[in-house]
Amino acid sequence: MQEVVVAHPLGDELAALENYLQVEKARYSDDLKWNIEAEADALRTLVPSALVQPLLENAIKYGQETGPRPLRVSITAKVVQGHLEIEVCNSGYWVERNPTQTCGVGLSNLRRRLELIYGRGASLDIRHNPSTVAVCVLLPVRHLP
């Protein structure tokens, strides 16, 4: 039996995340600033449901714990050489978690989902420096027929 993957254009998810960020803005007031930038081709690219949401939630949760105020979060999406590149970045710094704690489940679950859907055709990488943390997802481009 073949697994059915629910996919939608990235633009739909980014529009929903804009609404989510408005709710978070009510919670954090001036302590949260965000920016979403996506190329037109990226907005049309099909992605699995809830692809960016857990990355954004992590950026806000851990960024609030580690970064100066206001927390700055950005989401960028572009198509590069036949791949969709999505980056969720937040101000703050990377904290290595104790492996015996249940942290990191969201990222490991997302990595597993990407592997099941795309095999080796997708990746999820974490990049960090002293002032920012970024999670970058790379997927093959698929559009609506």
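The buried residues of helix α3 are covered by parts that include α1 (10–28), β4 (71–80), β5 (83–91), α4 (105–118), β6 (123–128) and β7 (132–140). The model is predicted. The protein has 4 helices and 7 strands, and along the sequence they follow the pattern β-α-β-α-β-α-β-β-α-β-β.

**Whole protein**

- Buried residues make up 34% of the 145 residues.
- The protein exposes about 8,500 Å², of which carbon and sulfur atoms supply 52%.
- Among contacts between residues at least 6 apart in sequence, 70% join residues at least 24 apart.

**Helix α3**

- Helix α3 covers residues 53–66, which is 14 residues.
- From its first C-alpha to its last, α3 reaches 20 Å, close to the 20 Å expected at 1.5 Å a residue.
- The buried residues of α3 are L55, L56, A59, I60, G63, Q64 and T66.
- Two of these residues come up again below: I60 is touched by E24 of α1, and G63 is in contact with S91 of β5.

**Helix α1**

- At 1.5 Å a residue, the 19 residues of α1 should span 27 Å, and the 26 Å between its end C-alpha atoms agrees with that.
- The buried residues of α1 are L10, E13, L14, L17, L21, E24 and Y28.
- The face turned away from the buried side of α1 carries the exposed residues N19, V23 and A26.
- Just after α1, S29 takes a positive phi of about 55 degrees.

- E24 lies in helix α1 and counts as buried because its relative accessibility is 8%, under the 20% cut-off.
- Not counting residues up to four places away in sequence, E24 touches S29, L32 and I60.
- E24 also forms a salt bridge with R27, with the closest N and O atoms 3.6 Å apart.
- R27 and E24 are 3 residues apart in helix α1, so about one helical turn separates them.
- The two ends of this salt bridge are set apart by exposure: R27 counts as exposed at 59% relative accessibility, while E24 counts as buried at 8%.

**Salt bridges elsewhere**

- A search of the whole structure finds 6 salt bridges.
- Side chains of opposite charge can pair when their charged atoms come close.
- K78 forms a salt bridge with E85, the closest N and O atoms being 4.0 Å apart.
- K78 is partly exposed at 36% relative accessibility, and E85 is partly exposed at 22%.
- E87 forms a salt bridge with R127, the closest N and O atoms being 3.6 Å apart.
- Because E87 lies in strand β5 and R127 in strand β6, this pair ties together parts that are 40 residues apart in sequence.
- E87 is partly exposed, with a relative accessible area of 21%, and R127 is partly exposed as well, with 41%.

**Strand β7 and its pairings**

- Strand β7 is mostly covered, with 7 of its 9 residues buried.
- β5 and β7 run antiparallel and are joined by 9 bridges.
- H83 has P140 in β7 as its bridge partner.
- β6 and β7 also run antiparallel and are joined by 6 bridges.
- L124 stands opposite V137 in β7.

**S91 in strand β5**

- S91 is placed in strand β5 and counts as buried because its relative accessibility is 12%.
- Leaving aside neighbours within four places in sequence, S91 is in contact with G63, G67, P68, P70, L71, R72, S131 and T132.
- Among these contacts of S91, G63 is one of the buried residues of α3.

How values were computed
Residues numbered from 1 in each chain as written. Predicted model: local features only at pLDDT ≥ 70, side-chain atom pairs only at ≥ 80, totals over all residues. Heavy atoms only, no water. Helix = DSSP H or I, 4+ residues; strand = E, 2+ residues; numbered from the N terminus. Expected span 1.5 Å × (residues − 1). Buried < 20%, exposed > 50% of the residue type's maximum accessible area, 1.4 Å probe, protein only. Contact = heavy atoms within 4.5 Å. Salt bridge = Lys/Arg side-chain N within 4 Å of Asp/Glu carboxyl O. Areas by Shrake-Rupley, 256 points an atom, 1.4 Å probe, with all protein chains shown as cover. Pairing = 2+ DSSP bridges.
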